Amino acid sequence: MSAVVLLVCPEIARAGAWMQPEGGGQIITTATYYSTDSFFNKNGERVDQTSRYSKYSIDAYAEYGLSEAYTIGIQPSYDFVQNRGDGINASENGLADVPIFLRERIWHDDYNVFSVQELATIPGPYDKHSQTALGYDQPDLELRGLYGHSGNIANLPYLKDLPYFTDIEGAYRERFDGPANELHLDLTFGVKPMYEFLLLAQSFNTAGLGNATTNAFVPPSAPNYDLSKLQFSGVIGMLDGFSLQMGGSVDVYGRNTGGGESLFVAVWRSF
């Protein structure tokens with residue numbers, strides 16, 4: 001899951017380490033196209049391939065504030081996958097693994113917030129033996145710590161007094177029945193250069209812990225892999241609580257995984 005964990009902070013956006021207001025929330029519907037014809041080998045070297053892996057995804061990221069200190073969420077995704085070339089001509093589509101989560105605010109003040117999040121994934125109804133399987137057909141459990149800071153930029157040319165936020169997240173994911181467990185480090189910086197316009201720069205990083213118990217390969221990643229991704233996007237506010245986001249990402253480093261690029265467009269709705 002690439003994720004798109006879209007962050008929010010007071011008067012800029014909402015999510016990440018921050019809570020949704022009690023009785024309120026947001027839904028972010030995203031359409032993503034990802035493609036790669038290269039692979040990071042076990043030494044982290046990018047190798048060109050004669051086959052191409054492509055994935056079209058439509059997902060809905062939804063959060064709801066149970067109280068001032070608790071937010072729940074879910075992110076179902078429907079994927080269309082193709083793997084073509086080098087003697088392979090396979091495709092698959094269906095509901096992928098579904099993450100559900102509960103986030104709890106531990107501490108906050110006017111500019112900072114620290115929270116923890118428990119997440120579980122529910123395997124989707126797909127064939128894990130397909131050449132284009134949508135997952136390993138196993139559950140995950142994840143514990144995540146999230147720190148967010150918001151404020152106004154001071155003493156920087158062209159950026160002075162602009163509202164901004166940063167979000168730093170670290171997680172341990174337990175993956176059962178095959179794939180290696182993982183460590184995650186996700187970083188986001190957002191700045192609002194003008195009214196109702198938000199720029200986001202994000203880094204998503206996964207490190208496999210080398211304890212995979214299967215040799216099954218679910219493209220584009222082996223059961224034990226590392227991946228670092230950079231993502232950039234812009235969000236513009238519209239009427240009635242809607243916002244539009246457009247952006248893209250690039251895989252900049254990896255091990256035992258594809259190295260590709262993605263483009264996406266998303267519609268945010270706050271309520």
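How many aromatic pairs does a search of the whole structure find? Eight. Bear in mind that this is a predicted model.

Start with Trp18 and Phe165. Their ring centres are 5.9 Å apart and the planes stand at 90 degrees, so this pair is edge-to-face. Trp18 sits in the segment before strand E1, which runs 25-40, while Phe165 belongs to strand E9, residues 163-175. As for burial, Trp18 has a relative accessibility of 9% and counts as buried. Phe165 is at 0%, and it counts as buried too.

Next, Phe40 and Tyr253. Here the ring centres lie 6.3 Å apart. The planes are at 40 degrees, so the pair is classed as tilted; edge-to-face would need over 60 degrees, and stacked under 30. This pair also links distant parts of the chain, with Phe40 in strand E1 and Tyr253 in strand E13, residues 242-258. The separation is 213 residues.

Tyr253, at 39% relative accessibility, is partly exposed, because the buried class stops at under 20% and the exposed class begins at over 50%.

Last, the charge. Which residue lies over the face of Phe242? That is Arg269, at 4.9 Å from the ring centre.

How values were computed: Residues numbered from 1 in each chain as written. Predicted model: local features only at pLDDT ≥ 70, side-chain atom pairs only at ≥ 80, totals over all residues. Heavy atoms only, no water. Phe/Tyr/Trp six-rings, centres within 6.5 Å; stacked < 30°, edge-to-face > 60°. Helix = DSSP H or I, 4+ residues; strand = E, 2+ residues; numbered from the N terminus. Buried < 20%, exposed > 50% of the residue type's maximum accessible area, 1.4 Å probe, protein only. Lys NZ or Arg CZ within 6 Å of the ring centre and 35° of its normal.
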